Amino acid sequence: MTDPAFDPRGLAPDRLVELYRQMVRIREFEERVKRTFAEHPGVIRGHTHLADGAEASIVGSVAALRPGDQLTATYRCHGYPIALGSDTAAMMAEIYGRATGTCGGYGGSMHLCDPERGFLGTSGIVGQGIPHATGAAWAAQIRGDRDVVLGFFGDGASKQGAFHESLNIAALWKLPVVYVLENNSFSAGVRTEQEDANAAAGEPLATKAKAYSMPGVTVDGGDPLAVYDALSAAVARARAGEGPTLVESRVYRLSAHGNSIAPPGVPLHYPEHEAISRFGAVEEYEAAKRGDPVPRFRAALVAAGVLGDAPARSIAADAAEEMQHAVDTALAAPFPEPAAALEHVYAEAPA
Amino acid sequence: MSTHETTYIGAVMEAIDQEMARDERVLLLGQSVGGRPDDPFVQRYGENRVRVTPISETAEIGMAVGAALAGMRPVVDATMAEFLLVAMDQVVNEGNRFHHMSGGRVRVPMVLKAGYGFTAGWAGQHTGSIYGMFMGVPGLKVALPSTPADAKGLMATAIRDDNPVLFLHHYLLTLDRGEVPDGEHLVPFGQAVIRRPGADVTLVATGWTVPMALAAAATLAADGIEAEVIDPRTIAPLDTATVLASVRRTGRLVLVDQATRHASVAAVLAAEVAEAGFDALRAPIVQVTGLDAGIAYSRPMEEHVLPDEAKVVAAVRRVVEHSGTRV
Ligand SMILES: Cc1ncc(C[n+]2csc(CCOP(=O)(O)OP(=O)(O)O)c2C)c(N)n1
Ligand SMILES: [Mg+2]
């Protein structure tokens, strides 16, 4: 043990390494999604949104959960199931539109889910998943089993009525929900201070919690242990029946909002980050890259003597191998039958 | 009339630009509007009239209603049709009602611009052809342009209209190019256009299915079946007279529509023609619509539920066979 400033927040070394491993897996998965556009043109259709830059926030949040807890998320949804232990080959197959995908090819990149692991689903409509998390927390309250629900969403989503309506009810009913607002400073091509009154006033977005008489905390989302700490406190409060918390997790998304938007026939790609393409803020983006949470946590663990060079290399190699397998099996997997489109429109009564 | 070539979406923006230059009460707001000082609309019309908004559709559209009541003529760029649903009350139960509820004392001139039908892997929540849920709403007009020229002309008319207009541009047509009239160009609402004359069967299509119907008509012509292709251009008001007159000439009607069957323009036209043109029909009306399912992400499933040229051709053949090839 070297670095005396390192605070493991009560986590044993193997759990710390595990958090790092999950971060590396998420990053590798997203890199492979991104590379697919160049390496296998046409294989991914529609719109993908990557979680690179948010790995620490995702992993630190999910680490605060116990089995039985649940979460909802947005279209930017690849990270959570990886942290929950979903099969990455099935996730990639979903993104490639294959029958073997997480959702059989029905949902695609924006609508992953894994209800057995607590991932209830996503909304592609900004803000509209927030009431879903709130309702799932109400169900947990009724069950009385002390389960907690995390609702993940972006800074932009906090401008929707659905956000404000949900926070009010959750505080009023003391629902066991934690709202995780991933503030990546952008709503697509709009900066937070262009659309948020708190940000424009130089205040954190967590200020909004005050209006609903719940705790609001802002945390460095690039530090998985800081996120874990904040989420653990919020989850404990929710589990104890004391009600919701708003956690603003400050992250910086490292890719553009999503891949390019184009009619069929025009090849899709990942464009330049909006900080540069819209605002010419090259230095801001470069600084964000220098602060990349994945190498940052690795360096912290190495300095603390928790992670050695050889294990770090094998974590990277394992992740690369896992995601190569995900890509290979997804590419080889069959497409759904066309007529399957008419299945699952309504749920049938179980036979 | 002199023209120039541009894209479908370029034509839409050209109309907004020209109307903003013509009338300073015209405002433009939305989540991907302006937002930086070098934006051409901001440069031309200033940040007061061109405003980037937070992701707050209820407020964006509700504020457009309020600004319209107060004398402005806002254009809300809502990006995608589904995003309007967040503000459903403002779209179908506020702006459209005020003129009538006030006995004509107030008006709500506003345009809601949104793309639709992006069946290119955008999956369940971003691909809908959801105009069916707006076309029967009193007080709300709905335009569905299929060509760059109509995109320009219908947008200009929408902005000058004293009612809320839902202007739905088709995402799959975004980059289609065509000749567009220079300068002022207005396309009247409620006037269908015959895209191709033909004596044997009437084909009605909107938006992205118009080029599909035209391609089907070309295929059928090789077999000696002449299809008349009609594009209503606005579905509220809906020009049933042009369709009926055509059916009186052809005796046969095939309706092509990307929307799900029971929420389509096709269903409305089928009912209108069955009621007012029954005597002219020589075969049952056939609807080639989207199938009644959500749009799945994976391509084979997406394609399965959509109309396509082959389905249109097959439907026309069925109708013609049913009634014999010639009078
Ligand atoms: C109701 C609605 N309006 C607009 C959009 C288009 N849109 C998709 S993502 C996005 C930005 C969202 O930003 P934020 O909530 O900060 O999440 P992030 O993408 O940054 O993770 C917008 C405007 C949408 N999907 N839904
Ligand atoms: Mg954001």
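**View 1. The surroundings of ligand 1.** In this predicted model, ligand 1 is surrounded by 21 residues, and the closest of these are A:Tyr75, A:Arg76, A:Gly156, A:Asn184 and B:Glu57. Because the residues around ligand 1 come from chains A and B, the site is shared between chains. Sorted by class, the shell around the ligand holds nine nonpolar residues, nine polar residues and three charged residues.

View 2. The size of an interface is often given as the accessible area that is lost when the parts come together. Here chain A and chain B bury about 3,200 Å² between them, with 63% of this area on carbon and sulfur atoms. Of the area that chain A buries against chain B, 21% is supplied by A:Arg45, A:Ile125 and A:Arg278, which is more than any other three residues supply. The contact is made up of 45 residues from chain A and 38 residues from chain B.

View 3. Side chains of opposite charge can pair when their charged atoms come close. Across the interface of chain A and chain B one salt bridge is found, and in a salt bridge between A:Arg45 and B:Glu302 the closest N and O atoms are 2.7 Å apart. The interface also holds 15 residue pairs in polar contact, counted where both residues have a pLDDT of 80 or more. On the side of chain A that touches chain B, helix 4 (88-95) and helix 7 (192-195) of chain A each supply at least two residues. The residues on this side of chain A divide into 23 nonpolar, 16 polar and six charged.

**View 4. A salt bridge between two helices of chain B.** Over all chains the structure holds 41 salt bridges, and one of them joins the side chains of B:Glu19 and B:Arg160, with an N to O distance of 2.9 Å. This pair links distant parts of the chain, as B:Glu19 belongs to helix 1 (residues 8-22) of chain B and B:Arg160 to helix 8 (residues 148-160) of chain B, 141 residues apart.

**View 5. A:Glu283 and its partner in chain A.** A:Glu283 is part of helix 12 (residues 282-290) of chain A, and its side chain makes a polar contact of 2.6 Å with the side chain of A:Arg290. Between A:Glu283 and A:Ala89 there are 36 Å in space, taken from C-alpha to C-alpha, and the two are 194 residues apart in sequence.

**View 6. Two backbone details in loops.** In chain B, the peptide bond that runs from B:Ala236 to B:Pro237 is cis, with omega near 0°, and B:Pro237 sits in the loop between strand 12 (234-236) and helix 10 (240-250) of that chain. In chain A, A:Ser185 has a positive phi of about 70°, although this residue is not a glycine. A:Ser185 is placed in the loop between strand 4 (177-183) and strand 5 (186-187) of chain A.

Methods:
Residues numbered from 1 in each chain as written. Chains lettered and ligands numbered in written order. Heavy atoms only, no water. Contact = heavy atoms within 4.5 Å. Buried area = accessible area lost by both parts, 1.4 Å probe. Salt bridge = Lys/Arg side-chain N within 4 Å of Asp/Glu carboxyl O. Polar contact = N/O pair within 3.5 Å; in protein donor to acceptor, adjacent residues only side chain to side chain. Helix = DSSP H or I, 4+ residues; strand = E, 2+ residues; numbered from the N terminus. Nonpolar A, V, L, I, M, F, W, Y, C, P; charged D, E, K, R; others polar. Near = heavy atom within 4 Å.
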